Amino acid sequence: ARPLSGRGGISGQLDSSRRPNCQTSNAVFGGLAYSAPNVFVPCENRGLVALKVDLTNHTFSEAWVTATSFNPRAPIVAGGVVWTVSAGGRLYGFDPASGALRFDIAAGGTTPFATPTEDNGWVFVPESTRVQGFSFNWESIGGHLSSAPDAASRGARRQDAFGRGGGV
């Protein structure tokens, strides 16, 4: 893998050792994202890798890697989710602490350095010939659930969530 360096300020980098995190093709294309304590690295043919940054000892260690191998584009962190687009045209959202997949949405064809962006609960994905937006604005209806929620779809591009519980 390519060397990763800690923030060294004027006096230079704090760490320049090689990492075996992007083993398959030894490549990282595009930018990284950071949300303490992890830096998120898009590893070609492997998936998204979270490296834990130890600012005291100036080292990196692997925190998690996505369960599925894919070719991720540069990630962002927004709304408590690590977002990346795959070369196959899917928008993925991962839990920043565990790497668990939270969102998997068809997003269309992207270019090699496509990077999603976020504003006010919307995630925008640049595709080859257009920009697509996905809304992740949640509205609380109050109350509490007495069983696990479930979801169903009554048609294309529609998702309904159901839960059993009581009022506020």
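This is a predicted model: local features need pLDDT of at least 70, side-chain atom pairs count only at pLDDT 80 or more; totals for chains, interfaces and linings use all residues.
Which residues does tryptophan 83 touch, once you skip its neighbours within four places in sequence? The list runs to Ala74, Pro75, Ile76, Ala78, Leu91, Tyr92, Gly93, Phe103, Pro116, Val123 and Phe136.

Next, look at how the strands line up. Four of them make an open sheet in the order β5-β6-β7-β8, paired antiparallel. β5 and β8 (101–106) sit at the edges with a single partner strand each, so one side of each has no neighbour in the sheet. On average, neighbouring strands here are turned by 25° against each other, ignoring direction. Inside this sheet, β6 and β7 (residues 90–94) are joined in the antiparallel sense by four bridges. Our tryptophan 83 shows up again here, standing opposite glycine 93 in β7.

Time for the aromatic rings. A pair of them is described by the distance of the centres and the angle of the planes. The count for this model comes to nine aromatic pairs. Take phenylalanine 70 and phenylalanine 94: their ring centres are 6.2 Å apart and their planes meet at 15°, so this pair is stacked. The two come from distant parts of the chain, 24 residues apart, with phenylalanine 70 in the loop between β4 (59–65) and β5, and phenylalanine 94 in strand β7. Are phenylalanine 70 and phenylalanine 94 buried or exposed? Both are buried.

Tryptophan 83 belongs to strand β6 and phenylalanine 103 to strand β8, 20 residues apart, and both residues are buried. Elsewhere, Phe40, Trp64, Phe70, Tyr92 and Phe94 come together as one aromatic cluster.

Follow the chain back to strand β3 (residues 47–54), where six of the eight residues are buried. What does β3 pair with? Strand β2 (residues 38–43) pairs with β3 in the antiparallel sense through six bridges, and cysteine 43 has glycine 47 in β3 as its bridge partner. Three residues lie between β2 and β3 in this hairpin, and asparagine 45 in the turn has a positive phi of about 65°. β3 also pairs with β4, again antiparallel and over six bridges, with aspartate 54 opposite threonine 59 in β4.

Finally, step back to the whole chain. The protein chain has zero helices and 15 strands. It holds 168 residues, 35% of them buried. Its accessible surface is about 10,100 Å², and 52% of that belongs to carbon and sulfur atoms.

Notes:
Residues are numbered from 1 along each chain as its sequence is written. Side-chain values use heavy atoms; hydrogens and water are left out. Contact means heavy atoms within 4.5 Å. Two strands pair if DSSP finds at least two bridges between them. Axes are lines fitted to C-alpha atoms, for helices over the stretch in contact, and angles run from 0 to 180 degrees between N-to-C directions. Buried means under 20% relative accessible area, exposed over 50%, partly exposed in between (1.4 Å probe, protein chains only). Accessible areas come from the Shrake-Rupley method with a 1.4 Å probe; for residues, only the protein chains shown count as cover. Rings of Phe, Tyr and Trp (its six-membered ring) pair if their centres lie within 6.5 Å; planes under 30 degrees apart count as stacked, over 60 as edge-to-face and the rest as tilted.
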